[in-house]
Each structure stands twice: as structure tokens, then as C-alpha cells.
Amino acid sequence: MLMADNHGLLIGVSTYPIDSGWKKLSSHNDIELLKSSFPKRWTIETLEDEQATRSGILTALDRLCSEVSVGDTVLVHFSGHGQQMLPLPGDVSEADLLDEALVPYDAKAMWSESYDGRNHIRDHELARRIDSLRDKVGKSGFVLVTLDSCHSDSMEKGDQDESKNSDIIYRGTSEIFGQNPTDEDLKNRYKRDTSTIAVNGNSHVVYISACQSNSKNAETNIGGIGYGSLSFSISEVLKDQGLKDIGEFVDGVIEKMHVIQPYQTPGIRASFQYKQPEFKTTPTPEIITLPEKSNHLVIYVILGLVLVVLCIGVKKRLRQ
């Protein structure tokens, strides 16, 4: 009887071309950290920067599918920028009427007459490759997809301006990619798809994203080194417990994420019911100040005490 194998495909883009419109990330640190975190008997392939083009990523996924067998466990990881896009004409399948996309090395941030988004990898394109992996490993296998990127940034436009937030690096942009996105498109990004993923004779699957589709993903700094918060959390859990129990693994990643980025909620899509652990958020201590009238009262009391002391002193001198 053949033993099941474990396969990992780690994709990272740190340095995008200068004319791409994307800022530099710490994705290489993620890949190096994750490579060292897998237990033995994992076959790991890495794809970085110039290798991680649209064609390079899709070819690597197809090659991985040809190599896996029934019962295998597969992890596909991406560290890089993410972006929401206007859907292709006639596509109304998304709850938010937008496509979430990975940003390969050769994808640009802005639509133009010369670039229409053809090098982005839209969510349904990724899902087709992942479904092929699920079919190949079968019911006894498992597929895990981890995305350390923003799918969008719903905060104020301009947050990416380094002059305003020089210490914060976000893995995405508030701009929706496409020709002339509207205010309605911006509103749609708050609609979330909470449905589970179907299992049709293939393996279970979990997608873990570093943040919700309408929020930002900030890099974290550990010991003076930049990492993706999701990548660092995955590394910690892999070292602690491996991937023996997927429920415990996902719980562990969510808990680590809460410590590193407590105000960033990871996104989970799974082929089974999963409820994220609940955390009690420590409230920010309030700075209590006396109202203006109360401050006047304090002054009056102090003055009154001074007058009392003076009066006592005068009386003592008169008695002498």
C-alpha cells in the first residue's frame, strides 16, 4: 500500500517591476520562514518574483496537480499583493459583484489602454486549479490554500501613501481594478459570500485569507524583520503541531493572528462548517479628564485652603 505524501507550493512576490505601481513587500521572508517550518516528508516547491508571473504560477499549479496522488495533503500558499477587480462582462456570480485576484509579478495596479488586467489571477481561475487538485487527491486527501494578501482595501484612498504611513506596509490597494469603477462598485465590496464550498466526491478544502475581502492586510515586524502576519502565524503552528488535525490547525492560526494583528479578521472559506474562535478584545484604557467646570472647582478649593492657612497664620501672630 502506497503511503500518502505531503506537498507544498510556496509562491511569493516581494519586488514588483518599477512601472507596476506596486510597492515592495517582505514576501521573501515569508517563503524562507515557511520552508523551514514544514515537518519532514513534505515536498516543497518555491516560486518567487520573476518566476511568479501569471504563467509561472498557473503552470506550477498544473504541474503540482500532475504530481499528487490519492490521499495526499497539499498546501498552496501565496504572499504578495491582492486586489479586487471589476468582473468580466456577464459575470454576476460573486456576492459582491467583484472578483478578488492575486497579483503576480507581471500584473499592474492600474487599468490602462495597454493593460486590461490579463495577468491578474482571478478567484475563479485559482479555484479551478484548486478543484483539480481536490479531484486528484480524492476524499482521503486534503487541500489547504493560504493567501497572505489583501483582496481589497476599503479604507480611505491614500492610505498607501508612504509619506503618511511610512511604517505600515499593506499588501493591496483601495483601488478597484477596471475601467471607471463606480461608487456602487465600492459599496458592493461590503457584501460577503458566507456559503460553504461543495464536496462532490473530491477532498475537503480550506481557504485562509489574511483578512476579509473588504479590509486591509498589514505586514508585521518580528524581531526587526518584516513578515506577512498570516505567514508568520502558519509557521508558528506548523512548528508546534504540524497539520495532523485541520480544525486545530486553523484554530491555531486564527489565535496567532489575533495576537499579531488583533484588529484584523482572517477570512475562512471551507468545504465544512467552521466557526472562528471568539476573543475578548482588550479595551483601550480611557484617559479620564475632569470637565472644565470641575477644573474650576478644584482651583476654588485650593484657593480656599490657602486662605484658611493664611487666616490661621494671622490669628497666631495677633495672639503673640
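**Figure 1. Overview of the predicted model.** Helices here are DSSP runs of H or I with at least four residues, and strands are E runs of at least two. On that basis the protein chain has 7 helices and 11 strands. The model is predicted, not experimental. Of its 320 residues, 47% count as buried. Among contacts with a separation of 6 or more, 73% join residues 24 or more positions apart. The accessible surface comes to about 17600 Å². Carbon and sulfur atoms hold 54% of that surface.

**Figure 2. The open sheet β4-β5-β6.** Three strands make up this sheet, in the order β4-β5-β6, with antiparallel pairing. β4 and β6 are the edge strands; each has a single partner strand, so one side of each lacks a neighbour in the sheet. Strands of a sheet pair through backbone hydrogen bonds, in a parallel or antiparallel sense. β4 (residues 82–85) and β5 (residues 99–102) are joined by 4 bridges. Within this pair, Gln 84 has Glu 100 of β5 as its bridge partner. β5 and β6 share 2 bridges and run antiparallel. Here Leu 102 is bridged to Ile 121 of β6.

**Figure 3. Both faces of strand β4.** Which residues cover the two sides of β4? Gly 82 and Gln 84 lie on one side, and Gln 83 and Met 85 on the other. All four of these residues are buried. Gln 84 is also the residue whose bridge partner in β5 is Glu 100.

Figure 4. Ile 121 belongs to strand β6 (residues 121–122). Is Ile 121 buried or exposed? Its relative accessible area is 2%; the cut-off for buried is under 20%, so Ile 121 counts as buried. Beyond its neighbours within four places in sequence, Ile 121 contacts Arg 54, Ile 57, Leu 58, Glu 100, Ala 101, Leu 102, Pro 104 and Leu 126. Of these, Leu 102 is also the bridge partner of Ile 121.

Figure 5. Rolling a probe the size of a water molecule over the atoms shows where empty space is left. How many cavities of 30 Å³ or more does the whole structure hold? The search finds 1. The largest cavity has a volume of about 40 Å³. Its lining consists of Ile 11, Ile 57, Leu 61, Val 76, Phe 78, Leu 102, Leu 126, Val 145 and Leu 147. By class, the lining has 9 nonpolar residues, no polar ones and no charged ones. α2 (54–67), β3 (73–79) and β7 each supply at least two lining residues. Ile 57, Leu 102 and Leu 126 line the cavity and are also among the contacts of Ile 121.

**Figure 6. The β9-β10 hairpin.** Strand β9 (residues 219–222) pairs with strand β10 (residues 225–228) in the antiparallel sense, through 4 bridges. One of the bridged pairs is Ile 222 with Ile 225 of β10. The hairpin has 2 residues between its strands. Gly 223 takes a positive phi near 60° in this hairpin.

**Figure 7. Ser 229 in helix α5.** Ser 229 is found in α5 (residues 229–241). Ser 229 is buried, with a relative accessible area of 0%. Leaving out residues up to four places away in sequence, Ser 229 touches Asp 148, Asn 217, Ala 218, Thr 220, Met 257, Ile 260, Gln 261 and Gln 264.

**Figure 8. Positive phi at Arg 41 and Asp 49.** Neither residue is a glycine, yet phi is about 75° at Arg 41 and near 45° at Asp 49. Where does Arg 41 lie? Its place is the loop between α1 (27–35) and β2 (42–48). Asp 49 sits in the loop between β2 and α2. Asp 49 has 17% relative accessibility and counts as buried.

**Figure 9. Ile 176 in a loop.** Ile 176 is located in the loop between β7 (142–148) and α4 (183–188). Its relative accessible area is 5%, and Ile 176 is buried. Trp 111 is 65 residues away from Ile 176 in sequence. In space, the two C-alpha atoms are 9.4 Å apart.

How values were computed: Residues are numbered from 1 along each chain as its sequence is written. This is a predicted model: local features need pLDDT of at least 70, side-chain atom pairs count only at pLDDT 80 or more; totals for chains, interfaces and linings use all residues. Side-chain values use heavy atoms; hydrogens and water are left out. Buried means under 20% relative accessible area, exposed over 50%, partly exposed in between (1.4 Å probe, protein chains only). Contact means heavy atoms within 4.5 Å. On a 1 Å grid over the protein atoms alone, a cavity is a set of points where a 1.4 Å probe fits but cannot get out, and a pocket is an open set with protein on both sides within 12 Å along at least five of seven lines; lining residues have an atom within 4 Å of a point. Grid points are joined across faces, edges and corners, and a volume is the space filled by probe spheres set on the points. Ala, Val, Leu, Ile, Met, Phe, Trp, Tyr, Cys and Pro count as nonpolar, Asp, Glu, Lys and Arg as charged, and the others, Gly among them, as polar. Two strands pair if DSSP finds at least two bridges between them. Accessible areas come from the Shrake-Rupley method with a 1.4 Å probe; for residues, only the protein chains shown count as cover.
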